[in-house]
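Visitor: Could we take a close look at one part of this model together? I would like to start from the inside.

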Amino acid sequence: MKFTLSWLKDHLETDEPLDKLADKLTMIGLEVENIEDKAKALAPFTIARVISAEQHPNADRLRVCTVDTGDGGAPVQVVCGAPNARAGLISVFSPPGTYIPGKDITLGVGTIRGVESRGMLCSAAELQISEDHDGIMELPADAPIGKGYAAWAALGDPVIEINLTPNRQDCTGVHGIARDLSAADMGKFKDPGIKPIKGEFPCPVQVTVEDATLCPGFALRLVRGVKNGPSPDWLQKRLTSIGLRPINALVDITNFMTYDRARPLHVFDAKKVKGNLTVRRAKDGETLLALDGRTYTLDSNVCVISDEHGVESLAGIMGGEASGCDEDTTDVLIESALWNEINIAQSGRKLGINSDARYRFERGVDPAFMVPGLELATKMVLDLCGGTPSENIVVGKQFGDDRIIDFPLAEVKRLAGIEVPLVEVKLILSHLGFMLAGNGPVVKVAIPSWRTDVQGKADIVEEIVRIVGVDKVPMTPFERGEAPRKPVLTPLQNRTRRAKRALAARGMVEAVTYSFITRPAAELFGGGQAELVLANPIAADLSDMRPSLLAGLVAAAQANINRGYPDVALFEVGQVFRGDKPENQLIAAAGVRHGYASSSGIGRNWSGSSTTGAMDAKADAFAVLAAAGAPMQALQILSGGPAWLHPGRSGTIQIGPQNVLGSFGELHPRALEALGADGPMIAFEVILERIPDGKQKPTRAKPLLDLSAFQPVSRDFAFIVDRSVKAGDIVRSAQNVDKKLITGVTVFDVYEGKGIDPDKKSIAIAVTIQPREKTMTDQEIDAVAAKVVAEVTKRTGGTLRG
């Protein structure tokens, strides 16, 4: 909502400075977003006279002008390309160092085609006071040379822009804003009564409302013998100051009423209207050429005003071009109506029309101002265009329903925590238009018709508090009690955040892809079930819910590759859909790498290259699992993975066969071909929801660094086992011997070949024993080693290699 300071002062008698008014507007809930002070911005621009304008020696379309700036000094030379630059022209001059708002440049002394230019003659567009850029400004011959242009043109009227919340329809008019400022002790509210205009004859046009739920009230009158033309300067300046284009007096009056009183109106050229008016639902397929030049196809959900020709106006949204007023209009029908807010919002959204009328009607205009608004508009028409008015025709309700609320004064203290005396409560509410009765602990409050948003006691408290001042509300901590604080985020939300941080720390970039993919891609990653197919997809290539994040990530990586960025590392954390039941809708973390975007971050360098490999994907997956709180010692790695991964360059991560957490590896060439991607490309995907929850019972905190004063001991063991035995089984067997003493078990050798049976292999492990309480003797170390051999033999059937 925009308005000027002088416009505000038409409704508010005040001497308060602009900055104080702006601060108060924000404090009472009408947040000031911007103040445009053209007088301040255009202060360097002065009125000047062109003494001569000669052809530029090196350019056909440029002129070298000698300009009298009126500062008492010598004339200055300005190179100008405007076609209307000529001797004797009075225009606007800007010296070097001036900021030109229309061009977003700061002017300097320049040389144009070999000729020095010390300033600029400006167009209206360059000063951002209109869109006229065809030539430099032409001022009257009596414009004072040397005087500031902004002061001479009376541009010293600041434009204030406020951000309105949807409930404050009453402040979509300057009149309502002035009322709020008056209640906040910023001046005296001007609210003269509106006198009815006596009709000279019955209105010949009748109105029928077919559905009162769409149009609760409708007022109309005819004015004969008007003379339509340009509106007066004061009205044009009012409209242009807030960005509206003056059209003609009749249309400008309706625009003025919209912004001045929050009362949208419509004017019909009476001679273009055939017969009586009917307010009805549109018929399916009816069309209207509207005032914006577009033709709209309507249906039965849209409310319209029609005559015997057909639809003449989109009710409460926009008029039709066929019955619009122009310079030939002599008889005019002025309409002021009430419309159903929900229907206006739905119709405007469906048709894609965001008009000033829709903006106000969908928020709910003042029902009691329907007829007074018609009277005020009629007076403006008579004053500006002349004519003879008819009597009013009013159909339906002229007033809204009475609303009276029993308001306990203690509610202010209970809800806002401040004490406001009854006298002050009455003063505030009466200035806002409310009426109070009673002096007891409970008073009756009558809600004004223009405050359709006030529905209960809390709304009244809000009105009192915003005028008293939100800064007066004391800071009061919530009662927390003795119970421990409940966590704000769920375990899964925490895992999601930690997973994102972990992957970002590994040099990967987060991507957000569609939850829908093509049918072939869904089938490739194990999806494609009928229950996961969209009934109404937004596009043919977005037909199925994704069973994996990898399809979207591969497509995003390939898009980067196609644009010359082959070194890609992308990740995403989001939902995947493995079925239509809730337990099959899981949160997963996935990532892809291509080119030299390895997890080591080394990239391409002089000593060679560090391309991505399956171990990078494994490291990414483990980083996610560790950050998400997975029991890392319990993880098992199995060779191979899903069908979309290379069978010899992939692995599966699980905690036992019943809980598969995810997989990693190089994408299979067939999968890359199906996705239209270039390889090699590595990927991983883990299901965060399958990570088991940690222990909930409280435990004693462990030191960050578990250091011991005693030297650790390392013993190596080599076991002959069947080729089917996994190295991880041997590692876990050794770890389980004594979890306090054995702090590490690593595989350092796997041998198959000469000296080993063909169906056997040798796996060598290093076991680290860390004494805790004292230095261990050889006998104690040997006892632990014997237990390791016995446990591995028992669990795997292996024998110690000699």
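Visitor: Which residues touch the most other members in the largest nonpolar core?

Guide: Happy to walk you through that. This is a predicted model, in which local features need pLDDT of at least 70 and side-chain atom pairs count only at pLDDT 80 or more, while totals for chains, interfaces and linings use all residues. Residues are numbered from 1 along each chain as its sequence is written, and side-chain values use heavy atoms, with hydrogens and water left out.

Leu8, Ile162, Ile177, Leu314, Trp339 and Ile464 touch the most other members of the 111-residue core. A nonpolar core here is a set of buried Ala, Val, Leu, Ile, Met, Phe, Trp, Tyr and Cys residues joined through side-chain atoms within 4.5 Å; buried means under 20% relative accessible area, exposed over 50%, and partly exposed in between, with a 1.4 Å probe and protein chains only. Helix 10 supplies the largest share of this core, 8 residues. Helices are DSSP runs of H or I with at least four residues, and strands are E runs of at least two, both numbered from the N terminus.

Now look at Ile162. Apart from neighbours within four places in sequence, Ile162 is in contact (heavy atoms within 4.5 Å) with Met1, Phe3, Leu25, Leu30, Glu31, Val32, Glu33, Cys171 and Ile177. There is also a second, separate core of 28 residues, with Phe525, Leu570, Val592 and Met681 among them.

Just after helix 6, glycine 243 takes a positive phi of about 90°.
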